[in-house]
Amino acid sequence: MAANWSRDNLDIPVEIDRAIDKLVRSILLDYEGSAKTYPTIADPQPYERKIESISNRINSRITEQFEGETSLDLVTIASIRSRDTYQLLTRTLENLAHGIALYDADDRMIFCNERMRSWNAKTAHLYVPGVKFEDLVRANFEADHILDLDVDVETFIQTRLEQHRNPKGPIIQKRSDGLWLELREQKTPDGFTFILNIDITERMLAEQALEKALQEAEAASTAKSQFLAMMSHELRTPLNAILGFSEVLSGQYLGPPGAGMYKEYAKHIHDSGKHLLNLVNDLLDLSAIEAGQKTLTMEHIQCAPLVRECARIVEGQKGDKTLEMDLHFVPDADLTIYGDRRAITQVLLNLLGNASKHVPDNGRIDITSIATEGGVEIAVADNGSGISKDQIASLTDPFRRGVHGAEIADKGWGLGLSITKSLVELHGGTLAIDSDVGAGSTVTVFFPSAPD
């Protein structure tokens with residue numbers, strides 16, 4: 001065999017280099033362990049010593065194969081090269097961004113890197129050569145490393161062992177520490193199992209964000225359709241009334257002006273025009289808030305007088321309905337809100353008007369104002385029909401109306417609570433809704449009592 005190498009640079013012939021690589025791979029894949037070569041959990045042998053043992057076997061095999069064909073110097077150089085190659089391999093495995101582990105045909109661990117241990121922090125001390133794969137699966141289950149498991153431990157272990165013995169594709173696991181891992185397993189011809197764990201957290205979070213964006217886009221599309229349908233009704237109804245009654249007046253179908261039903265028709269025209277004006281004002285308010293163009297004139301406002309005035313206004317608009325309103329202030333005086341008087345008035349009128357629409361005849365509304373840390377909470381509670389809890393989250397969306405019953409299903413156009421919530425948040429406050437079917441509803445708003 002030609003020796004294309006020199007003692008100075010320690011070059012090894014290509015043929016010998018390939019043979020060494022083949023031997024390394026052969027020993028790693030065909031490594032025949034026995035009971036005495038595997039440490040027990042009670043007496044864990046560091047995997048570095050196991051690697052050294054394997055490295056020594058590699059050196060012996062190299063010496064056996066090349067002895068007699070080359071000089072002793074060549075065997076020594078080949079042994080050094082194999083040892084350095086293996087050390088480079090182990091250092092590379094230790095510094096991988098992925099977790100890796102190798103199990104023998106009896107499912108006992110031969111090797112795992114530090115990344116694998118770090119992803120199983122509560123059970124890292126068990127990740128030593130010789131430990132059985134099933135014991136690690138059980139320990140990780142009991143340590144709650146894996147989330148979203150609604151099966152018992154034995155069912156999970158049997159399922160995981162079947163996946164391990166017959167790998168068919170990647171396994172996705174959501175971990176309790178927030179990580180998402182993709183587990184890939186590969187069997188060797190001799191029954192060894194190589195496991196690769198890949199951190200796919202960024203990918204999963206991106207997929208979740210994309211799914212959320214798609215859901216929001218779908219919800220926006222649905223809201224747009226609902227808006228168009230709602231506006232069609234809300235605009236056409238009063239406009240038809242205005243056109244119809246004004247045609248009767250202009251055509252003097254009931255005689256000269258001032259006769260018959262003209263006065264009542266004129267009132268219908270006025271009410272329809274007012275309805276349209278309110279709708280336009282609400283749309284403009286909502287548009288200004290969403291565009292960030294709503295300006296507030298901030299001042300210190302006495303809470304009690306403002307609440308009483310809003311209650312009187314709503315009582316005057318109740319029509320034929322008998323309604324009881326009770327006002328409570330804790331403490332009785334000196335409740336102060338820091339905010340825009342017109343905006344806070346609009347919030348209170350929206351809440352009280354909404355409550356008055358949903359209570360039955362002889363209904364009751366309680367308005368409670370309480371001093372809290374940093375501000376004032378105002379709670380408006382009614383004994384109306386209430387709504388189901390699954391509707392609460394969407395009540396403050398524009399053009400959403402809770403299902404209360406046919407008799408009030410077409411009152412309002414679903415902008416009140418959306419505007420109310422936006423105005424409260426412009427003040428640095430909060431809005432919360434509590435309701436259930438048949439139990440009435442309570443809407444609580446918080447306003448700061450001083451500037452930030």
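The model is predicted. Its protein chain holds 12 helices and 12 strands, and buried residues make up 39% of the 452 residues. Among contacts in the protein chain with a separation of 6 or more, 60% are between residues 24 or more positions apart.

**The S2-S1-S5-S4-S3 sheet**

- Here, 5 strands form an open sheet in the order S2-S1-S5-S4-S3, and the pairing is antiparallel.
- Strand S2 (109-112) and strand S3 (171-174) sit at the edges with a single partner strand each, so one side of each has no neighbour in the sheet.
- From one strand to the next, the twist of this sheet averages 20°.
- Strand S4 (residues 180-187) and S5 run antiparallel and are joined by 7 bridges; in this part of the sheet, Arg184 stands opposite Leu196 in S5.
- Helix H6 lies across S3, S4 and S5, and runs at about 50° to S4.

**Tyr103, a residue to look at in strand S1**

- Tyr103 has its place in strand S1.
- Because its relative accessibility is 3%, Tyr103 counts as buried.
- Leaving aside residues up to four places away in sequence, Tyr103 touches a set of residues including Arg108, Met109, Val131, Phe133, Leu136, Phe192 and Ile195.
- Val131 is 28 residues from Tyr103 along the chain, and the C-alpha atoms of the two are separated by 9.2 Å.

**The cavity**

- The largest cavity has a volume of about 230 Å³.
- Its lining consists of 18 residues, and Tyr127, Phe133, Asn140, Arg160 and Leu183 are the ones nearest the centre.
- Strand S1 (99-103), helix H5 (133-142), helix H6 (153-165) and strand S5 (193-199) are the elements that each give two or more residues to this lining.
- H5 gives the most to the lining of the largest cavity, with 5 residues.
- By residue type, the lining of the largest cavity divides into 12 nonpolar, 4 polar and 2 charged residues.

**The S7-S9-S10-S12-S11 sheet**

- Another open sheet is formed by 5 strands in the order S7-S9-S10-S12-S11, with mixed pairing.
- Strand S7 (323-330) and strand S11 (430-435) are its edge strands, and each pairs on one side only.
- The twist of this sheet averages 15° from one strand to the next.
- Strand S9 (residues 363-372) pairs with strand S10 (residues 375-382) in the antiparallel sense over 8 bridges, and Ser369 stands opposite Ile378 in S10.
- Helix H9 (residues 303-316) packs on the sheet and touches S7, S9 and S10; the direction of H9 makes about 175° with that of S7.
- Helix H12 (residues 416-426) also packs on the sheet, where it touches S11 and strand S12 (441-448); the direction of H12 makes about 140° with that of S11.

**Helix H12 in more detail**

- Which residues of H12 are buried? They are Leu417, Ser418, Ile419, Thr420, Ser422, Leu423 and Val424.
- What do the buried residues of H12 pack against? Their partners are helix H8 (262-290), helix H10 (341-358), S11 and S12.
- Just after H12 comes Gly428, which takes a positive phi of about 80°.

Notes: Residues numbered from 1 in each chain as written. Predicted model: local features only at pLDDT ≥ 70, side-chain atom pairs only at ≥ 80, totals over all residues. Heavy atoms only, no water. 1 Å grid on protein atoms, 1.4 Å probe; cavity = no way out; pocket = protein on both sides within 12 Å on 5 of 7 lines; lining within 4 Å. Points joined across faces, edges and corners; volume = space filled by probe spheres on them. Helix = DSSP H or I, 4+ residues; strand = E, 2+ residues; numbered from the N terminus. Nonpolar A, V, L, I, M, F, W, Y, C, P; charged D, E, K, R; others polar. Pairing = 2+ DSSP bridges. Axes fitted to C-alpha atoms, helices over the stretch in contact; angles between N-to-C directions. Contact = heavy atoms within 4.5 Å. Buried < 20%, exposed > 50% of the residue type's maximum accessible area, 1.4 Å probe, protein only.
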